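Dear colleague,

Please find the structure below, handed over for your study. My notes on what was found in it follow.

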Amino acid sequence: ISAGGSTVRSLIINRFGGDAIELAGGGGNTIEGCFIGTDSTGAIDLGNLGNGIRINDSSDNNIGGAGILSRNLISGNDANGIFISGVEFGNGNEIVNNIIGADLSRTADLGNSQNGIEIRFYGNTIGGATPDLTNVISGNDSNGIRLEDASINLVRNNFIGTNLSGSLDLGNGGSGVYLAGEAADNTVGGGNTIAFNSTGVNIEAAATGNNLTENSIFSND
């Protein structure tokens, strides 16, 4: 999708040889209510061979939204659940109220083969200000969230490695949140639960100025 201002709603997208959806160029798109990488029950892995959603040089897109009809299930894909990168654009994207790496019931591992979410740009938001905009980012084979050379991103009100109650082990294979390369001035805070992952939060030496506050982090290996 390159024109911008488009809506992708209530589709089941699986078994493609590359990314399920790519937003490239024009921004302001909405993706909601889709099953990306699973069957219609949300319980069987029918992953796409690339990313579930690729946002490439595109800004101000909404992935998910308030209410059950807006929630996306993005699981079982052979790369990342969501991958955001850009050269000129790629900021202002909001990822809220999605299931990324678990099944529809949020009780079983149906992980994407790489990260739940990987961002390589600045100024994006993962998770909303209120509990109804919480993402579950669990069961992915690598990290729950990876910010690679990315800056000024906000990660808030997510369950990373567990279910919505914070009690069930659905750990990501790597870190819950991984700040890699020269990731700078990102905020991981404001109600995240990060549990049962290989590492809770991993911050590389060159990743400076990041703010880690008001999270519940426990039972990581």
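A residue counts as buried when its relative accessible area is under 20%, and as partly exposed when the value lies between that limit and 50%. Please note that this is a predicted model.

By this definition Phe121 is buried, because its relative accessibility is 9%. Tyr122, at 37%, is partly exposed. The rings of these two residues form a pair: the centres of Phe121 and Tyr122 are 4.8 Å apart and the planes meet at 25°, so the pair is stacked.

The structure holds 2 aromatic pairs. Phe196 and Phe218 also form one, and it is edge-to-face, with 5.9 Å from centre to centre and 80° between the planes. This pair links distant parts of the chain, as the two residues are 22 residues apart. Phe196 belongs to the loop between β19 and β20, whereas Phe218 is in strand β21. With a relative accessibility of 28%, Phe218 is partly exposed.

As for the protein as a whole, there are 21 strands and 0 helices. Its radius of gyration is 15 Å, close to the 17 Å that the globule rule gives for 221 residues, so the protein is as compact as a globular protein of that length. Of the 221 residues, 56% count as buried. Among contacts between residues at least 6 apart in sequence, 75% join residues at least 24 apart.

With kind regards

Key. Residues are numbered from 1 along each chain as its sequence is written. This is a predicted model: local features need pLDDT of at least 70, side-chain atom pairs count only at pLDDT 80 or more; totals for chains, interfaces and linings use all residues. Side-chain values use heavy atoms; hydrogens and water are left out. Helices (H or I, at least four residues) and strands (E, at least two) are DSSP runs, numbered from the N terminus. The radius of gyration is taken over C-alpha atoms; the globule rule is 2.2 Å times the number of residues to the power 0.38. Buried means under 20% relative accessible area, exposed over 50%, partly exposed in between (1.4 Å probe, protein chains only). Contact means heavy atoms within 4.5 Å. Rings of Phe, Tyr and Trp (its six-membered ring) pair if their centres lie within 6.5 Å; planes under 30 degrees apart count as stacked, over 60 as edge-to-face and the rest as tilted.
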